[in-house]
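Notebook, open at a new page. I list what I looked up, entry by entry.

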Amino acid sequence: MKYSETRDHLVKTTMMLLKDVYELEEITVRKIAEEANVSVGLINYYFDSKDDLLLDAINSIIHTDSRSGTNSLYNSNIDPRRRLQLFLHDLSDLLVDYRQYTNMTIKHELINKGFETASFIESVIHEINPEWTIDEVKYLSIQVIVPLQIIFFKEDAFYEYIKSEKTYYEIIDTILGNLGLL
């Protein structure tokens, strides 16, 4: 197998295991190797860690679950404020649907990757006000995304703190409204 084929095979095998097993801790490198009919060493050759392989598989699962809100982010026939709102509502639905993976993906982005999710919304935020500088757009993107990541990452603590049963859509709309983006 070619490099990309072997890597894809490992990701697809891990995706299958993720669909069959609810707890991430139950998936071991040995289990992945066994299911993929490869050695543990081969997995270590293609991925720096089990978490890297799991994250690739999780991201593949989430990205194949297409939603109208994700597509609407790039639909120029829709007002940019509404596109942003639809995208964030859709993102919250995805995070809820894949709750068992949410903490791992958010923690990885916040600690290891930076602001990848925030970069997705920069162009639509800039469309809302083309006079904003790129720095202002980046700051706003972070102000939108990071609170949502923290809310999903520490959901129980968040709801205990605010003492409210607001829906994710209401929280998103409040954040966007407070920032003048709705």
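R99 first: I find R99 partly exposed, at 36% relative accessibility. The classes I use are buried for under 20% relative accessible area, exposed for over 50%, and partly exposed in between, with a 1.4 Å probe and protein chains only.

This is a predicted model, where local features need pLDDT of at least 70, side-chain atom pairs count only at pLDDT 80 or more, and totals for chains, interfaces and linings use all residues. Residues are numbered from 1 along each chain as its sequence is written, and side-chain values use heavy atoms, with hydrogens and water left out.

Entry: salt bridges. I use the term for a side-chain nitrogen of Lys or Arg within 4 Å of a carboxyl oxygen of Asp or Glu. How many salt bridges does the structure hold? The count is five.

R99 is bridged to E155, with the closest N and O atoms 2.6 Å apart. This pair links distant parts of the chain, since R99 is in helix α7 (residues 99-113) and E155 in helix α11, 56 residues apart. Helices here are DSSP runs (H or I, at least four residues), and strands are runs of E of at least two, numbered from the N terminus.

R7 and D56 also meet through their side chains in a salt bridge, at 2.8 Å from N to O. Here too distant parts of the chain are linked: R7 sits in helix α1 and D56 in helix α4 (residues 50-64), 49 residues apart. I note R7 as partly exposed at 25% relative accessible area, and D56 as partly exposed at 27%.

The pair K31 and E35 forms a salt bridge at 3.5 Å, N to O. Both residues belong to helix α2 and are four residues apart, about one turn of the helix. K31 is partly exposed at 32%, and E35 is partly exposed at 35%.

Entry: packing of α1 and α2. Two packed helices are described by the angle between their axes and the distance between the axes. For α1 (residues 3-20) and α2 (residues 29-36) I read an angle of about 110° and axes 9 Å apart. The axes are lines fitted to C-alpha atoms, for helices over the stretch in contact, with angles from 0 to 180 degrees between N-to-C directions. The two helices are therefore roughly perpendicular to each other; the cut-offs are under 35 degrees for roughly parallel, over 145 for roughly antiparallel, 65 to 115 for roughly perpendicular, and oblique for the rest.

Which residues make the contact? From α1 they are H9, L10, T13, T14, M16 and L17, and from α2 K31, I32, E35 and A36. Contact means heavy atoms within 4.5 Å. By class, I note five nonpolar, three polar and two charged residues.

Entry: positive phi. Most residues other than glycine have a negative phi. N37 has phi near 60°, a positive value in a residue other than glycine. N37 is placed in the loop between α2 and α3 (40-46) and is exposed, at 72% relative accessible area. K163 likewise has a positive phi, near 55°. I find K163 in the loop between α11 (155-162) and α12 (168-178), exposed at 68%.

Last entry: L94. Is L94 buried or exposed? L94 counts as buried, at 9% relative accessibility, and lies in helix α6 (residues 80-97). From L94 to W132 I read 38 residues in sequence and 30 Å in space, C-alpha to C-alpha.

Technical notes
Nonpolar A, V, L, I, M, F, W, Y, C, P; charged D, E, K, R; others polar.
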